Amino acid sequence: MKDQEFLEKLGQRIAQLRKEKGWTQKEFSEKLGIQRTALARIEVGNVNTTIISLKTIADALSISINYLFD
């Protein structure tokens, strides 16, 4: 899998899990303490986010970080 494809799939997974919680991007970004546009870039795979950001996302979703990659 190419890097960009990986980022897109990861972003789609984050968006899917967010939507399962019933949260808008605005609500979720507020929980994360980031701007909505930053979250949008993550969800579409335009950003290679840090492992710390992924941990913050997983914590906000109440999941383990490896669940983001399932």
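Colleague: Which residues does F28 touch, if residues up to four places away in sequence are not counted?

Modeller: Leaving those neighbours out, F28 touches I14, R18, W23, L39, I57, A60 and L61, where contact means heavy atoms within 4.5 Å. This is a predicted model, in which local features need pLDDT of at least 70 and side-chain atom pairs count only at pLDDT 80 or more, while totals for chains, interfaces and linings use all residues. Residues are numbered from 1 along each chain as its sequence is written, and side-chain values use heavy atoms, with hydrogens and water left out.

Colleague: Which residues of the largest nonpolar core touch the most other members?

Modeller: A nonpolar core is a set of buried Ala, Val, Leu, Ile, Met, Phe, Trp, Tyr and Cys residues joined through side-chain atoms within 4.5 Å; buried means under 20% relative accessible area, exposed means over 50%, and partly exposed lies in between, with a 1.4 Å probe and protein chains only. Here the largest core has 13 residues, of which I14, F28, L54, I57, L61 and L68 touch the most other members. Helix 1, helix 2, helix 3 and helix 4 each supply at least two residues of this core, and helix 4 gives the most, with 4 residues. The helices are DSSP runs (H or I, at least four residues), as strands are runs of E with at least two, and they are numbered from the N terminus.

Colleague: Which residues of helix 3 are buried, and what covers them?

Modeller: In helix 3 the buried residues are A38, L39, A40, I42 and E43, and what covers them includes helix 1, helix 2 and helix 4. R41, also in helix 3, counts as partly exposed because its relative accessibility is 40%. R41 touches N46 and V47 when residues up to four places away are set aside, and its C-alpha atom is separated by 8.3 Å from that of G11, 30 residues apart along the chain.

Colleague: How many salt bridges does a search of the whole structure find?

Modeller: A salt bridge is a side-chain nitrogen of Lys or Arg within 4 Å of a carboxyl oxygen of Asp or Glu, and the search finds 3 of them. One of these joins E43 to R18, with the closest N and O atoms 2.7 Å apart; the pair links distant parts of the chain, since E43 is in helix 3 and R18 is in helix 1 (residues 3-20), 25 residues apart. E43 counts as buried because its relative accessibility is 8%, and R18 counts as buried because its value is 6%.

Colleague: Where do the pairs E30 with K26 and D59 with K55 lie?

Modeller: An α-helix has 3.6 residues a turn, so residues three or four places apart point the same way. E30 and K26, whose closest N and O atoms are 2.6 Å apart, are separated by about one helical turn because they lie 4 residues apart in helix 2 (residues 25-32). D59 and K55, with a closest N and O distance of 2.8 Å, both lie in helix 4, again 4 residues apart and about one turn of the helix. E30 is exposed, as its relative accessible area is 52%, whereas D59 is partly exposed at 44% and K55 is partly exposed at 45%.

Colleague: Is T49 buried or exposed?

Modeller: T49 sits in the loop between helix 3 (36-44) and helix 4 (51-61), and it is buried because its relative accessible area is 18%. Setting aside neighbours within four places in sequence, T49 is in contact with I42 and L54.

Colleague: Which residues have a positive phi, the one after helix 3 and the one other than glycine?

Modeller: Most residues other than glycine have a negative phi, and most peptide bonds are trans. Helix 3 is followed by G45, whose phi is positive, near 85°. S62 is a residue other than glycine with a positive phi, near 60°; S62 is found in the segment after helix 4 and is exposed, because its relative accessible area is 63%.
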